[in-house]
Amino acid sequence: MNKYLLYPGCSMESSGRAYGESINAIVESLDLHFEEIDDWNCCGATEYLGINLIPAYSLIARNLALAARQSAAQTNGPHTVVAPCSACYLNLAKADYYMQERPSLGVKVNEALEAGGLQYKAGTLDVRHLIDVLVYDVGLETIQSKVVRPLHGLKVVPYMGCMLPRPDYQHRWSDHEHPTELDDLLRALGADVIDYPLTTSCCGGHMTQIGPETAFELIRRLVADADERGAVLMATVCPMCQMNIDAYQNEMNHYFGTDYHMPILFFTQLMGLAFGREPDEVGIGLELVSSRNALAQIGVEVPITQEPGAPRKKYEGLPMPRRWTKHEQKEAVK
Amino acid sequence: MPRMTDERVRAGLAREEDLSLLHEVSMKTAGVSHLEMCIQCGTCGGSCPAAQDMDHTPRMLFAMLRAGMRDEVLRSNTPWICVSCYHCVVRCPQEVHIADVMYTLKGMAIHAKLYVNSTAPHFSQTFVGMVETFGRSYELGLASRHYLRHFPLRLPGMIPMGFGMITKGRMAIMPKKIKHMDQLKKILDRAKQLELTS
Amino acid sequence: MTTDVKPKFAMYWAASCGGCEIAVLNTHEKILDLDANFDVVFWPVAMDAKYKDVEAMEDGSILLTLFNGGIRNDENEHIAKLLRQKSKILVSFGSCACEGCIPGLANLSPVGEIVHTAFNTITTDNPNEIYPRTTFDVPEGELHIPTLSRILRPLDQVVDVDYYMPGCPPESHQIAAVIDLVIQVIHGEAQLPPKGTVIGVGNSTVCDECPRARNVKMIKAFKRIQDVAPVDPTLCILEQGVPCNGPATRSGCNARCPQAGAQCIGCYGPAEGVMDYGARLITAFSSVLDATTPEEIDRILDGIPDPVGQVYRFNLAGSLMKAAKPAWEQG
Amino acid sequence: MSDKKQERVGVYVCHCGSNIAGTVDVVDVANWAAEKLRHQGVVIAREYKFMCSSLGQELIEKDIKELGLTRVVVAACSPHLHEKTFRTAAKKAGLNPYLVELASIREQVSWVHTDKAVATEKSKAVVAGAVSRVIENVPLEEIKVPINPNTLVVGGGIAGIQSALEIANAGFHVYLVEREPSIGGHMAQFDKTFPTLDCSACILTPRMVEAGTHPNITLLTWSEVTNVAGYVGNFHVTINKKARFLKEDLCTGCGICQEKCPKKVIDEVYEAGLGYRKAVYTPFAQAVPNFPVMDKENCTYFIKGTCKACEKFCPTGAIDFKQEDQLINIDVGNIILATGYDLFDARRVSNYGYGRLPNVFTSLEFERLSNAAGPTSGNIVLRDGKTTPQRVGIIHCVGSRDKNFNNYCSVICCMQGLKFAHLVHERTGATVYNFYIDMRTAYKAYDEFYQRVLEEGTLFVRGKVAEVTDAARYDREKGKLIIQVEDTLAGKQRRIPVDMVILSSGLQPRHDAKEVGKLFGISCSTDGWFTEKHPKLDPVATMTEGVYIVGCAQGPKDIPSSVAQGAAASARVLDKILQKEVALEPIKATVDQEMCSGCRICNSMCPFNAIAFLEDRMVTEINPALCQGCGTCVAACPAGAISGTGFSDEQIIAQIDGLLWRTLEVEEAVAE
Amino acid sequence: MNNDTFEPTIIGFTCNWCSYRAADLAGTARMKYAPNVRLIRMMCSGRLDPTFVLRALSCGADGVMITGCHPGECHYIEQNYKALRRYLLLKRVLKGLGIEPERVKLVWASAAEGARFASETTLFVEEIRKLGPLNWGKADNGPKTIDHVESSMVNRLSSEKEVPA
């Protein structure tokens, strides 16, 4: 099944335009069919939930209801809603989950939907994030097979953000703290992926709007650690993260008197490039912190030759505990 | 009986008036909050990336809920600092739906008009207002309106960014509006009534 | 018993298909013994007779009555009571009389819907929606047709029954054996079994007579027999994933269906002393499921599209619940 | 049922002081029973203040004798409290004890309801149910089976060793089976033991030696139980003695083979992955028995077909590469399981970074690190093998008291954490932080130890550590491990840079506990620990007669408790052995082989292998001694050919009818 | 029938080792719960024969509560799984007979979960109260005339489509 319902989310046409464009650029080469939910509305981000419970969940549920209706209207229509935006993904998944965990909520929300001639039975649809679909449905092998311009030598930190791997109601991710899905995908593109302990730390979310100081500190931690580890580029899966780190980096520098220059791109943009698309086709240049220098490193098509390197000196220390196999890790997460 | 509460809440049997502040919050929270299960271990406060800016750690807030300190809790800036990163939620050994409790507290604070010294409630309301008019969020309007009102001085510092965003077409000048705004409105109005009667 | 005057024999069909009569005829020359030893006084399907003749008979004057068919209307009920009164030995004959059989499945629906289905569906073109009336005036006077009762009842829910002989229909060789027995009794060469005995059957269930290989069954999916290709001719059918009612069904038919390569559908009813046939099948089927999670179990159970039809095909009217809620609640 | 002769039933309603009478009109219940249930054969119905008192019992005995009662119903407390009492009373009066039924109107009525009318009504229903049920009861006799005096102890940790020694010293034979090459268990890996700090090896090895040399103990190490058949008093056990690839009778334990073996392997078991061993090895110096085993997976000879260094150098020619596993069959009367625990895998708490951050250690790793016989000869150093830590953080409750991992307290971690704090302080003088949720030191001399560690200046932070990271925010954090935690007493989030983190990991059931449980016919709790017969009053027995559980197999516990349980189980076993025979509850299932069609539906129903299919006669048979009486097969039989004593269909159906007043309707019918 | 005044009669099956002890614990702890459930003790939930449930429902019970040890916690190792399988098939049959499957509920309760036992019982009673009385087969079984049937049919049909006058 490579047919999915798409919930783009508001940012896709605005702040996250590069994301939207790059997604369009890669889908057909991966034989994915995204069918936009007709007349979808805003998921309420993190704001609406803070005002009223039922309205917030009704707002979200309207989208699910529309999606379910759209899927029911066609013979074996798609049952998976794909959200490229982490916040949207979380809100949709959360509504679907809580309406089941607490039936009385489900009843009320449906009463509200009724007023609009809609209804949604929680659990009817699968809510998944784009990268989940790419890694687990399309598969890394397929992705790798499409790579014509490997990102060899591109030192990138994978930044998952917080709302994607958590709370993870349906156990879709390898780990809550250090999920490896993005790492694996970037490696499949040939990139030089740096282990990034802050991969699921927060970018500040809406705090850039309501408490900038708090947000700036969070942004600083992320950018500083990435820089410390020698990254020239951050790759993200979330428009909010991209927006905060990209658009507010300059202000953050002002605030702390630092001078970081850490471009951040959507992983789909990197996929596009690796698949041989031209920068402008995948929205390169829309970022405020320019990625020109970073990308220059892969602009050339010569394969990077591995230096033989000095002979490994004998390790005298105590042995490390055995690393988990992917399987063991999956088991353990259950 | 904590488990009792969970099950009564799940079954919609419990009524608000016979619940303590703790259980009231529990009931107003999406899902089953497990709030009464908190063992005050501090995992949440320890995990929080923004804790240093909070006047109370989440854990302490829960203790205050138990103590019935309604006003102090609703005056706290903690829920407004929460960035909903869910670190606390996945780490909580008692499966307390911390982030959602924070949403509940925001809502309660706004209704009680108790939380004043931040721009956050206004931001939320501006945002909600926007969504209720257009059905979509609208960053430029939001950002500019919000900054004009709260950080007029910092707006200049923002201009290059805002300008950049616009010239790069990353902020629509005009908001998008959904087709069936009427339908959405009906749903939300009904939902608001339900909220009151809940 | 004296033999100079032949004892009287009667057979009657109520709500049934007539298959039981055919089964009796299927006893071939045995039917002659019947004739030789009995004076057949009442057998609507075989000979002409009037109810009033029976009413005129002396109570208990009929030695043996084989009553087949369930009680679906007031006529059935009337004749059942009448024959009880007139007979020494009343045998509940065949699945319909014993446990309701296929006609008993009508107990899933209210009478209204049954009539509607019968008189106004694809099978019957009835544009003006004319339904039969119980009373109808004609020049000759008022005509009556029997009145349907709310649910179909097996014979013993209406009158006291001496013996039961299940089967749809009872196997001819079993009927022959029973006839022999009664004849022996007449000649004082044998004793009648205790009242209430189920006669003409084995004392176990179909598996006992089934030659197929039996192992400890565990299955991952239920299938329809036509979807099992090819059906292993030697292996237990249930083990091949086909819901076979054999384990719970009274033996006596020599496992006819399984021998012929089809699953047992349970026409011989429950084994001795079993209170509810369906319950036995529920445990039988659930015992072979190779699954532990509710989801997995439900997935397998989806392979039984019509659970009631599966476990109560012949037994609904004779089961503990007797009928479905709509049938009870009508009117 | 109708033609059955009328039973003579006596009904006795207990006041239980005011416990029942306070909420239930007991007089009304008694009178009602006498009148409304007369048609069922109730000839007498009395109420009495305390039926369980000797006077109350005499009342029943008297009626049985004088009124010739054939059935007795006592409406009082839960059968779990006084069923035995009243059955014994009936027996004294010459009535089969199984013709007595208890109707619980205290736990199930008076204590849980408030409205007197409603409670009285419900009590009547409960009594009606019991009466119709008891009429269907049949006399039962206990089954007696002889006891084989030999005992099997599985697991050679301290608990198992204790059990074995107790029984052996009493003069009975014990088979002690151990999966590893040596007995000793986890205790052999420890350095010091809390709270006394005496050296683990010093107190353990004498016991190991005693067990190894005891004339009444057959030691089977490097062996595993593969099959268990039979039942209490008569278990038939099959044990797989894995090939050691050396002749035990020739080996002197000189150790030359390990010295010469060229193959170095990380020792995942004894050294907790922190040290090395050879491919042929005895896990540690004081191992019992002290002859080595060859680890086939890693032995160069078995991999490449060449080497045989050990064989060349062995002075007694004990090495035997052709040796094969051998199956040993033994008969025993009782079994004690002392299979111990696994350490919680700290890699699961990914926010603590174990396995990713080199200087995060588990408790077991630290035990080896601080052990003089360990890989660093007792030097507490970082993963690099040389640097001594300046600042050390010890995290409690790792994987315990956490719904994401194990939702129980592992009991020993607090004391273990304190022990570590002391050792670090003593050996390195480093600054030590202990991070705890609650400090649990509830046992003799434990809290004193806590005091001592406080005195030593260990810093305590009350808070469950949120994360351990190497992502520095400030310069002072660079190159360190940062422990991020809320100091819940200060109400502030803190980031504490340290050099070494020790995770006081919890205990969890053996990874194969479920299979082992199946093998021995006992069950596991949701957490996976073996389930005891009664959590308070019978902690070492199990639901399966003749199988006992001791030590951490039953739940997390410290050394003293494990030893105590080992001894307790032995006492229970000796009691059985000395009785020479054992009585089994007569609640059993039986097959009417006339009706059995041999469909074999029931064959998969019994986890105790009590059901056997007789191929020759194509029918199923149930072994009454193996049958535990759960009744699952009774309910499963499609032919209704299996019946269960004590809980027969007739009894239960009758009780349903009674509870639903059906028996009264019958009466009205009778009246008409 | 007014469902608020309706007091359901419920038969509860408990296993000797977990749920019955849970009930005892609820008693010992004096936890109050709805009095509508009358318990029957069996050795194990695996003993539950669907016949018992059908008997109860056909003899005046409005609901049946089946309780046993938590999966994996069964004192007979795994018998409660067998109960679960029967229960799931039984529910499907009941549904086919037009009986709300919710009238039969399976509840896991360990010996330590007195509170759970109490609350689950109260919950179940409320659920059954909502469903209303079952009183199976109580309605009279007298013959009904086809005229009556027909008129009722006509009404029914007329609501569906125009009947030619």
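How many Å apart are the nearest C-alpha atoms of chain B and chain C? They are 21 Å apart, and the two chains do not touch. Keep in mind as you look around that this is a predicted model.

Chain A doesn't reach chain C either: no contact joins them, and their closest C-alpha atoms lie 14 Å apart. Chain A and chain B are another story. There are 7 pairs of chains that touch, and the most contacts among them are between chains A and B.

Let's stay with chain B for a moment. Its secondary structure is made up of 12 helices and 0 strands, so if you trace the chain from the N terminus on, every element you meet in the run is an α. Of its 198 residues, 60% count as buried. Take the contacts in chain B with a separation of 6 or more, and you'll find that residues 24 or more positions apart account for 63% of them.

You'll find B:Lys113 in the loop between α8 (98–112) and α9 (120–134) of chain B. Is B:Lys113 buried or exposed? Its relative accessible area is 69%, and the cut-off for exposed is over 50%, so B:Lys113 counts as exposed. B:Leu74 is 39 residues away from B:Lys113 along the chain, with 8.8 Å separating their C-alpha atoms.

In helix α12 of chain C (residues 294–301), the buried residues are C:Ile297, C:Ile300 and C:Leu301. They cover an arc of only 100 degrees around the axis, which puts them on the same side of α12(C). The general rule behind this kind of pattern is that an α-helix has 3.6 residues a turn, so residues three or four places apart point the same way. And what do the buried residues of α12(C) pack against? Their partner is α3 (79–96) of chain E.

On the α11(C) side you can pick out C:Ile282, C:Thr283, C:Phe285, C:Ser286 and C:Ser287. Facing them from α3(E) are E:Arg85, E:Arg86, E:Leu89, E:Leu90 and E:Val93.

Conventions: Residues numbered from 1 in each chain as written. Chains lettered and ligands numbered in written order. Predicted model: local features only at pLDDT ≥ 70, side-chain atom pairs only at ≥ 80, totals over all residues. Heavy atoms only, no water. Buried < 20%, exposed > 50% of the residue type's maximum accessible area, 1.4 Å probe, protein only. Helix = DSSP H or I, 4+ residues; strand = E, 2+ residues; numbered from the N terminus. Arc of directions from axis to C-beta. Contact = heavy atoms within 4.5 Å.
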